[in-house]
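I opened the notebook to record what I looked up, in the order in which I looked it up. The entries follow the model shown here.

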Amino acid sequence: MKMLTNNDKITVSQTVALLITTMLATGILALPRNVANKAGSDGWLLVLFAGVLSFFSSMIVGALVKKFPRDTFIEYSQKVLGKIPGYFLGIILILYFLFISAMSVRVFSEVMNAFMLINTPRGFIIATMLITSAYIMRHGIEPIARAGEILLPVLVFPIFAMYLTALPRADFSELLPFLDTPAKTLAIGTVQNAYNFLGFEILLMVGPYMRSPERVMWALLFAMGFITLMYLFIVVIVFASIGVEDTRILLWPAMSIIRTIMAPGGVFERLDALALALWTIASFTTINGMYYAGTLAAAHLAGVGEFKFFVTIFLPWVYLISTIPGNPLDTMRWTQISGVAGLVIAVIIPAIVLAASTVRKKGGSAS
Amino acid sequence: MILSGKFFRRCLLFLLAALAFAFATACWDYRDIDKRIFVGGVGIDKSAQDGRLEISFLIPVVRAIAGGEGGGGGGGGGEKPVIVESTIADTITEGARNLALRLNRDLFFEHMRIVIIGEEAARQGMEEIINPFMRQTEFNRRSRIAISEGEAGKIMGIKTTIEKLPSAYLESIYGNASLSGKFVEGDLGDFLHQIHESGGNALVGKVIPGADEVNIGGGAVVKHFKLAGWLSEEEIQGINFFLGKITGGSITVDDPRGKGKCTFVMLNAHRRLQLISAGAVPEFQLKVLAEGNVVETTEGVSMDVQDEEIIERLVSEKIRTEIFKGIARLQNDYRVDLLKLGEFLHRYHPKLWRNYEDRWEDIFPDVRISVSVTADIKNIGVTK
């Protein structure tokens, strides 16, 4: 592996923080609607199943990281599959990461436009967000992971506390009937909602930057378990406080319920500002992770030691991709597409590479 | 040279900082608070023009309120604390835009406290009226909603005496659930929830305008997004018992010696609904446990254990009658399931529900419900 100018290593806890903050995105604001439409009051089960499914899929990526502890996907795919197919996969990976960054920033701007900055041009929200991300990214992986580590508690505790204030209004019989959905529908819904747990695929690029890659499975287990519980909590609270039927129609149910709750004691009548601040942080960290993985992939593919250059080069392209969807409904469709692409990138391609490396006996021992 | 490296860098830094200030003001969504009008309530009526709505906005005049409360007395004296602006439009948003031609400030709905829909408009159909409250984030789901007997505009126009602002008065009167169970408690969020859960049926608050006050007793029945009719105070109390929504209120019965009246004030009430049999028509059993205090007896009556039992029996009889009155009205007159029996079946007996789901509207009026009520006296005050 070529030495990069910035070869800082990240600890296991930083890896967990990076994974959680990358996975936790504004997509969760729409998640209750998606699962309610698929399985009604059984929707929360989909979250649970999708979390478990995603953990097992992410073990493929984990196995690759363990097998090639000093290489990124760009290098080992070329070693395993040969120069040209590996190169081709590398380009797909870059495009994917840039596309996901663009979609995350776009969804963020949609939420901002809907709930707070109604008249602010969308392009402006996107541009400021991207520029901020580009700034932190130019300093390399360590600051990004550190930002994740610092922001994680700032993000998670208030989110839990905020949704807990909805409890007095909650009616948990909304979660009934239990298991009334056919198994087939549940299975399909699980797969369709698994994309909400995407984000772990950054390990394809970030793997060799871990200080102790042999503990990658623990990092994945912890991050996935955490995210699953958090999503489950939010979906259950949303269902119980506004009902499954209302959840089906609201574009961003997890945001809309913030407007129906009032902090106890009437200290804060409105929690919207807090909620939007939290989701801004969540989107920021997601964009950081995805965008950084993309630029890293490009640097490795080009074989240059300087990745900062790509941060700047990709900026206008990410911006342009993010302006493709015409309206929120269009954005929804595009995020569905990006979800499918994500499953291919994060599960199917790594599985092929892993299988091929086992057959051709490449790479280190899969201890 | 003047453009030496250090100096140039400093200039650049200064320029960038200045630029940052220019961009950091969030100018697009910035509005001065004194350029806004905070709408306190919205009233929606059918207008004389066919198919259009007459929309009244209840607007507090901040200057008058502040002046009056400042203790100046004479200072803000003559000014009215609120104005009502009405306009004719097809939709609420169009109505708000119409006002831009007459008022110099922006209408701002974030702090809206109450929505009142006029009887005529509600009878015509509420689907299009309530839509903006769902779609736009500016309307908050915590504001109250009610249907007025007669015109909603009349309610907007009342001159309240105790509260300065009619919107605050109208909102807080709906918070009196711990004092009375004879009205429908719930906000816009609850209302939208009911409407979507049942495909257009809901129990909504009723409000009757008076000269300087309103009466919120009773309730309105909305069926298929249209106002079907009213329920009396007693019927609403019965339905509230049925739904387990009672958190207060009183029941007055004849006292055990037959000399006068005796008042039982409820602390809370629990209920349990069970499905007994599920033939062609399901049969339910409702058990209500009402707990409360005896607060008034007619002069001269001192109670002993027997009397307590008699009062408990009388109170539970009375509650039972009220519940049956409510049920009968919904089953026979309105034929609409506001008792949430369908929802109950759907949640607890999903397989059975599938048999009834399609014809539920025809089945509901024939559903048999048996009711048993237990009243429990917790306290009798400090006289015997």
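**Domains of chain B**

I began with chain B, which is divided into domain 1 (32-231) and domain 2 (233-384); the bounds come from an automatic or database domain assignment. This is a predicted model, in which local features need pLDDT of at least 70 and side-chain atom pairs count only at pLDDT 80 or more, while totals for chains, interfaces and linings use all residues. Residues are numbered from 1 along each chain as its sequence is written, chains are lettered from A and ligands numbered from 1 in the order in which they are written, and side-chain values use heavy atoms, with hydrogens and water left out.

I looked up the distance between the centres of the two domains of chain B, taken over C-alpha atoms, and noted 32 Å. For contact (heavy atoms within 4.5 Å), I noted 25 residues of domain 1 of chain B against 22 residues of domain 2 of chain B. The two domains of chain B bury about 1800 Å² between them, with 59% of it on carbon and sulfur atoms. Buried area here is the accessible area (1.4 Å probe) that two parts lose on being put together, summed over both.

I then searched this domain interface of chain B for salt bridges, and the rule finds one. The rule asks for a side-chain nitrogen of Lys or Arg within 4 Å of a carboxyl oxygen of Asp or Glu. I also noted that B:Arg347 forms a salt bridge with B:Glu197, with the closest N and O atoms 3.8 Å apart.

**Chain A against chain B**

What area is buried between chain A and chain B? I found about 2500 Å², of which carbon and sulfur atoms give 47%. The contact takes 29 residues from chain A and 25 residues from chain B. I noted two salt bridges between the chains. B:Arg347 turns up again here, in a salt bridge with A:Asp171 (3.7 Å, N to O).

**Second largest pocket**

A pocket is an open set of points with protein on both sides within 12 Å along at least five of seven lines, whereas a cavity is a set of points where a 1.4 Å probe fits but cannot get out; lining residues have an atom within 4 Å of a point. Grid points are joined across faces, edges and corners, and a volume is the space filled by probe spheres set on the points.

The second largest pocket holds about 1500 Å³ of space. Its lining has 46 residues, and A:Arg169, B:Glu185, B:Gly186, B:Asp190 and B:Lys245 lie nearest its centre. By class, I noted 15 nonpolar, 12 polar and 19 charged residues in this lining. Nonpolar means Ala, Val, Leu, Ile, Met, Phe, Trp, Tyr, Cys and Pro, charged means Asp, Glu, Lys and Arg, and polar means the others, Gly among them. The second largest pocket lies between domain 1 and domain 2 of chain B, because both give residues to its lining.

**Cavities**

How many cavities of 30 Å³ or more does a search of the whole structure find? I noted four. The largest cavity has a volume of about 80 Å³. Its lining includes B:Glu185, B:Gly186 and B:Asp190, three residues I had already listed at the centre of the second largest pocket. The lining of the largest cavity divides into five nonpolar, three polar and three charged residues.

The second largest cavity has about 60 Å³ of space. B:Glu185 and B:Lys245 are among its lining residues. Domain 1 and domain 2 of chain B both give residues to this lining, so the second largest cavity lies between them.

Technical notes:
On a 1 Å grid over the protein atoms alone, a cavity is a set of points where a 1.4 Å probe fits but cannot get out, and a pocket is an open set with protein on both sides within 12 Å along at least five of seven lines; lining residues have an atom within 4 Å of a point.
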